[in-house]
Amino acid sequence: MLVVTAISAKGGSGKTTLIQMLASAMLARGGRVHVMDADADQQILEWQAKSTGADFGDLPRLPWPERLTVADAPPTVEALYARLDALDAEGIDLTLIDTRPGEHPDTETLALAADMILVPAVPVQSDFVAALKTLTWIGRMIATLGPEDPAPLYRAVLMNADKRAIDFVTAASDLDRDRARQKLHRQDAEVFDVISTLPLLPTPVAATISLQRMPLTGPLSHVRDIYAQDLRHRLQAGHLTAALEVCHEVLKDIEDLSGAARG
Ligand SMILES: Nc1ncnc2c1ncn2[C@@H]1O[C@H](COP(=O)(O)OP(=O)(O)OP(=O)(O)O)[C@@H](O)[C@H]1O
Ligand SMILES: [Mg+2]
């Protein structure tokens, strides 16, 4: 079982979106997912209830995927590891942990239990400073581990990015990167220079409406299945399939990296 925790020192950077993207990808693959919600606003715990209020016009609703369960995060370290053992024994493929913003001891426990810690990083100055702060915090956390303790991997994820940001981070050569940099405002270029020094997940996440709406509509695979019921909505189903593609790539990046780390 793969365990992924999203953390950030600053609110509103994309933690919950990342968690919902990964849940969507694993569900689309036919896998089983558990999400622990450790955020006070309970975005994940209320996800199913909110999505039943979404407007799908005259399309019949589909039952919420049974392969996705959500619960509060356990209150103690012992309860957390007992829950993880039980989920693993049950055959859950992916456990995702959504956390509240800020540097809290309980968030550290949830982060250190993961195979991969994700730090969403929106490419604007204020968010980037927060992402850097979060990465420094992770470094401090990992330094508290003993030599025998397995250390989680960590990556920043470029979130909610526009085309210029994506062109910059995905540039195939130094020349392409220089060209992408020249299209940026000077202030942005300074932010992007920092981006290129971060431990980044290879796949950037573009700003898309489907991702923005996901907290209200449900996992993308579920929403796609609703639209795919009727040929008149095939364009919408196509958009969702495209948005799911990014989710699959992010999940695959994490699997590749954590597989490589395990050897
Ligand atoms: N790739 C994206 N495309 C479109 N909207 C996005 C994307 N990533 C994040 N957002 C939007 O940005 C806002 C903040 O994202 P999200 O709720 O995931 O952040 P968060 O870190 O969980 O926030 P909080 O700290 O309040 O829990 C949301 O409205 C979300 O829909
Ligand atoms: Mg959130």
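How are α1 and α11 oriented to each other, roughly parallel or roughly perpendicular? The legends below take up this question along with others, and they describe a predicted model.

**View 1. The crossing of α1 with helix α11.** In this close-up, the axes of α1 and helix α11, which spans residues 234-262, come within 8 Å and cross at roughly 95 degrees. Angles of 65 to 115 degrees count as roughly perpendicular, and α1 and α11 are therefore roughly perpendicular to each other. On the side of α1, the residues that take part in the contact are L18, M21, L22, S24, A25, M26 and A28, and in α11 they meet L244, V246, C247, H248, V250, L251, I254 and E255. Sorted by class, the residues of this contact divide into 12 nonpolar, 2 polar and 1 charged.

**View 2. The residues around ligand 1.** Ligand 1 has 18 residues around it, and of these G14, K15, T16, T17 and A206 come nearest. When the shell around ligand 1 is sorted by class, it has 6 nonpolar, 10 polar and 2 charged residues. The helix α1 gives the most to this shell, with 3 residues.

**View 3. Polar atoms facing ligand 1.** A backbone N or O atom of G12 lies 2.9 Å from an oxygen atom of ligand 1, while an N or O atom in the side chain of D39 is 3.1 Å from an oxygen atom of the ligand. For N160, a polar side-chain atom lies 3.5 Å from a nitrogen atom of ligand 1. On its own, ligand 1 has 630 Å² of accessible area, and the protein covers 82% of this. The elements that give two or more residues to the shell around the ligand are α1, residues 15-28, and α9, residues 209-217.

**View 4. The packing of α9 with helix α10.** Here α9 packs with helix α10, which is made of residues 220-227, at an angle of about 90 degrees, and the axes of the two helices are 10 Å apart. The helices α9 and α10 are therefore roughly perpendicular to each other. In the contact, S210, L211, M214 and T217 of α9 meet L220, H222 and V223 of α10. By class, the contact of α9 with α10 has 4 nonpolar and 3 polar residues, and no charged residues.

Definitions and conventions:
Residues numbered from 1 in each chain as written. Chains lettered and ligands numbered in written order. Predicted model: local features only at pLDDT ≥ 70, side-chain atom pairs only at ≥ 80, totals over all residues. Heavy atoms only, no water. Near = heavy atom within 4 Å. Polar contact = N/O pair within 3.5 Å; in protein donor to acceptor, adjacent residues only side chain to side chain. Areas by Shrake-Rupley, 256 points an atom, 1.4 Å probe, with all protein chains shown as cover. Helix = DSSP H or I, 4+ residues; strand = E, 2+ residues; numbered from the N terminus. Nonpolar A, V, L, I, M, F, W, Y, C, P; charged D, E, K, R; others polar. Axes fitted to C-alpha atoms, helices over the stretch in contact; angles between N-to-C directions. Parallel < 35°, antiparallel > 145°, perpendicular 65-115°, else oblique. Contact = heavy atoms within 4.5 Å.
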